[in-house]
Amino acid sequence: MKTRILLIEDDKRLADLTAEYLRKNEFEVHIESRGDTAEARILKDNPDLVILDVMLPGKDGFEVCRSVRAQYAGVILMLTARDEDLDQILGLELGADDYIAKPVQPRLLLARIKALLRRAPLVANEQGAASETEELAFGNFGISQATRSAHLGDEPIDLTTAEFDLLWLLASHAGSILSRDDLLQELRGIGFDGLDRSIDARISRLRRKLGDDPDNPTRIKTVRGKGYLFSKHDWQ
């Protein structure tokens, strides 16, 4: 079966050209042009990946992302205005898995989609990765690569695809400092350019979900000038 993509874009010409390019690369693509109908469409169709523009009629992409994130487990790739750092951070804070600035080169969009899907649960299952049994536990925290789930005590932790990948990477290197460059190279295949805030935004979200003190975090620590460290201790 082809991977299903829902493209939410109100620029008809751009949407048609993007859809045509992705279809030539063996994706099944459907288009939705309005933000106020996008939420229902995402939940009804349950595509493998959503490409979500920020500027939409009826409801903007941020609102759509916020509305569907708790119910939609697939991948959300947001299209943001060029150089709008706040847009990118806000999208990640609301649960988007990644962002890409417009105007976007088709080859870059395709590469980013493939990278995201390689980490998505559906694709991982098709590749047999779900047969892995690797799990990690630290006190009352546990995370499983096989089921792509995590829990704190008896409570499951609701994680997006990108959040799980980052948390697993940190936990699997517990006690070691990982720089932003290390994390970006592993998760997105790109180096840190000194400006990318995606890792910081996800760390902030993970700390909240792990009950970490944002002013004095002890579970995911910031090591000034070096990166982040997942603690082997401080879990009760």
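Student: The side chain of Arg69 reaches the backbone oxygen of which residue?

Tutor: This is a predicted model, in which local features need pLDDT of at least 70 and side-chain atom pairs count only at pLDDT 80 or more, while totals for chains, interfaces and linings use all residues. Residues are numbered from 1 along each chain as its sequence is written, and side-chain values use heavy atoms, with hydrogens and water left out. Arg69 lies in the loop between α3 (61-68) and β4 (75-80). At 2.7 Å, its side chain reaches the backbone oxygen of Tyr72.

Student: Is Arg69 buried or exposed?

Tutor: Buried means under 20% relative accessible area, exposed over 50%, and partly exposed in between (1.4 Å probe, protein chains only). Leaving aside neighbours within four places in sequence, Arg69 is in contact (heavy atoms within 4.5 Å) with Gly74, Ile76, Leu94, Gly95, Asp97 and Thr160. Its relative accessibility is 9%, so Arg69 counts as buried.

Student: In which helix is the place of Ala38?

Tutor: Helices (H or I, at least four residues) and strands (E, at least two) are DSSP runs, numbered from the N terminus. Ala38 is buried, with a relative accessible area of 0%. Leaving aside neighbours within four places in sequence, it is in contact with Ile8, Glu32 and Val64. Its place is in residues 35-45, helix α2.

Student: How are the planes of Phe141 and Phe230 arranged in their aromatic pair?

Tutor: Rings of Phe, Tyr and Trp (its six-membered ring) pair if their centres lie within 6.5 Å; planes under 30 degrees apart count as stacked, over 60 as edge-to-face and the rest as tilted. A search of the whole structure finds three aromatic pairs. For Phe141 and Phe230, the centres are 5.8 Å apart and the planes are at 50°, which makes the pair tilted.

Student: Why does the pair of Phe141 and Phe230 tie together parts that are apart in sequence, and how many residues apart are they?

Tutor: Both Phe141 and Phe230 are buried. Phe141 lies in strand β7 (residues 141-144) and Phe230 in strand β12 (residues 227-230), so the parts tied together are apart in sequence by 89 residues.

Definitions and conventions
Polar contact = N/O pair within 3.5 Å; in protein donor to acceptor, adjacent residues only side chain to side chain.
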